[in-house]
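Here are my notes for a colleague meeting this chain for the first time. Please keep the structure open while you read.

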Amino acid sequence: MDNVFLSKPLIWFRRLFQSALLVLTVSLVPCMVFWFRTGNSRGLRENVDSDRDGVWIQVNNRTVSVENFLIFMISVDYQPDMEEEALKAFAVAARSSLYAHLNRYLREAEDSDSGTETAEEKRQELTTVNAGELGVKYYEPGRMACAFGEAAEPEGRDHWSDLYRYVKKAVELTGGQYLTYDAGTAAPVDALWHGYSAGNTRFYEGNLTGEDDGISLYSPQLKSMDGKDGQLTRAVTITVYSRRELAELLWEIPGTEDILEGKKNLSSYIIIESRDSSGYIEEISLGNRKMTGEEAAQLLQVSSGCFYVSDLSGGSLKIMTFGSGSGYGMSLAGASVMASRGGDYREILEYYFPVCQVNNFSSFRTE
């Protein structure tokens, strides 16, 4: 019973106040939980004081700083069991790659026909870059934010909370550090990485700094190196396809139209032409079409371009695949093995990128 000494207006006001307080409490509790889980009271909103070279990145309808965009890049290949030093090495490699892609994009934009604009005027206008035009893999912020929502399973929310916190910490601890090919230049290297190697990493020679330089990740004398992955059971996967399943995968490839007729062994449709010194396929023929091992791996839905095919009794095809990813650059699993044995992130980077040096940010724009 309400206090008899309170007038009706006061009783009504007290009830209204109690209801408002209850609504406010219910609304704030999820926000407080999110704050403590992520260590960021603004959730996935970005810091506004960490942009690089005055450039921001547009992701859908939101603008994020270069450093915060790294979180969305790293999250694509992040491994839940990564050691902290390995994650820091990954952050430096990813930042270097992002700087290289930004540098190429900005250089091409500045060199394009601008009419009456000078190069300096165009440079000043290039403050926001669309993420989709950079040629890098990343998670959209909305996709990550959904993992925190009530629709996600609790285990999933915990995983993404940890991921965001750990990756953000690695990015902050290595702030502004990236790889260069020559200590005397600020040109960032388009560093490469993969999940785990097929035993040895691959020799790479290509356009790593945005110039037609043909520099390699390793010296010419070092064509490949131990991936440092250790004896990983997940490094070998076996996939079996029936005749119909293979036909569905290759139906657009010329020369595979007769798979269902059953006149030839399935392995005859997959001819490996050449491999590199690490076992990865350099050239392969699927039907009448030649392609790289990576292209074939994507069509066959296997984890890397280091695979072997054989026929099984009953007419099925077995594909044995080693490693995950391209095999170029740093093995993320190998980096974790090195970190677990006491290696710090600089030692990891020095091992996987022996011709590169760690530089501190001054500008990712090079003339």
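**Notes on buried charges, helices and strands**

1. Start with a charged pair. Arg-95 and Glu-67 are both buried. This is a predicted model, and in it the two side chains form a salt bridge. Their closest N and O atoms are 2.9 Å apart. Arg-95 belongs to helix α3 (residues 84-111) and Glu-67 to helix α2, so the bridge ties together parts that are 28 residues apart in sequence.

2. Next, look at α2 as a whole. Of its 12 residues, 10 are buried, so the rest of the structure largely encloses α2. Among the buried ones are Val-66, Phe-69, Leu-70, Ile-71 and Phe-72. Glu-67 and Asn-68 are on that list too.

3. A sheet comes next. What is the order of its 3 strands? The order is β2-β1-β3, in an open sheet with mixed pairing. β2 (62-65) and β3 (128-130) are the edge strands; each has a single partner, so one side of each lacks a neighbour in the sheet. On average, neighbouring strands are turned by 35° against each other, direction ignored.

4. Now the pairing of β1 (residues 56-59) with β2. The two strands run antiparallel and are joined by 4 bridges. Trp-56 has Ser-65 of β2 as its bridge partner.

5. Arg-202 and Asp-276 meet in a salt bridge, 2.8 Å from N to O. This pair links distant parts of the chain, 74 residues apart. Arg-202 sits in the loop between β5 (193-194) and β6, and Asp-276 in the loop between β7 (270-275) and β8 (281-286). Arg-202 counts as buried because its relative accessibility is 3%. Asp-276 has a relative accessible area of 16%, so this residue is buried as well. Shared partners join Arg-202, Asp-276 and Glu-294 into one salt-bridge network.

6. Turn to strand β4 (residues 177-180), which is covered on both faces. In a regular strand, side chains alternate between the two faces of the sheet. Here Gln-177 and Leu-179 are buried on one side, and Tyr-178 and Thr-180 on the other. β4 runs antiparallel to β13 (residues 357-360), with 4 bridges between them. Gln-177 has Asn-360 of β13 as its bridge partner.

7. Helix α9 (residues 332-340) is another mostly covered element, with 8 of its 9 residues buried. Leu-332, Val-337 and Met-338 are among those buried. Gly-342 follows α9 and has a positive phi, near 100°.

8. Val-240 is found in β6 (residues 236-241). Its relative accessibility is 43%, so Val-240 counts as partly exposed.

9. Last, the whole chain. There are 10 helices and 13 strands. Of its 367 residues, 45% count as buried. The accessible surface comes to about 19000 Å², with 51% belonging to carbon and sulfur atoms. Among contacts between residues at least 6 apart in sequence, 65% join residues at least 24 apart.

Conventions: Residues numbered from 1 in each chain as written. Predicted model: local features only at pLDDT ≥ 70, side-chain atom pairs only at ≥ 80, totals over all residues. Heavy atoms only, no water. Buried < 20%, exposed > 50% of the residue type's maximum accessible area, 1.4 Å probe, protein only. Pairing = 2+ DSSP bridges. Axes fitted to C-alpha atoms, helices over the stretch in contact; angles between N-to-C directions. Contact = heavy atoms within 4.5 Å. Areas by Shrake-Rupley, 256 points an atom, 1.4 Å probe, with all protein chains shown as cover. Salt bridge = Lys/Arg side-chain N within 4 Å of Asp/Glu carboxyl O.
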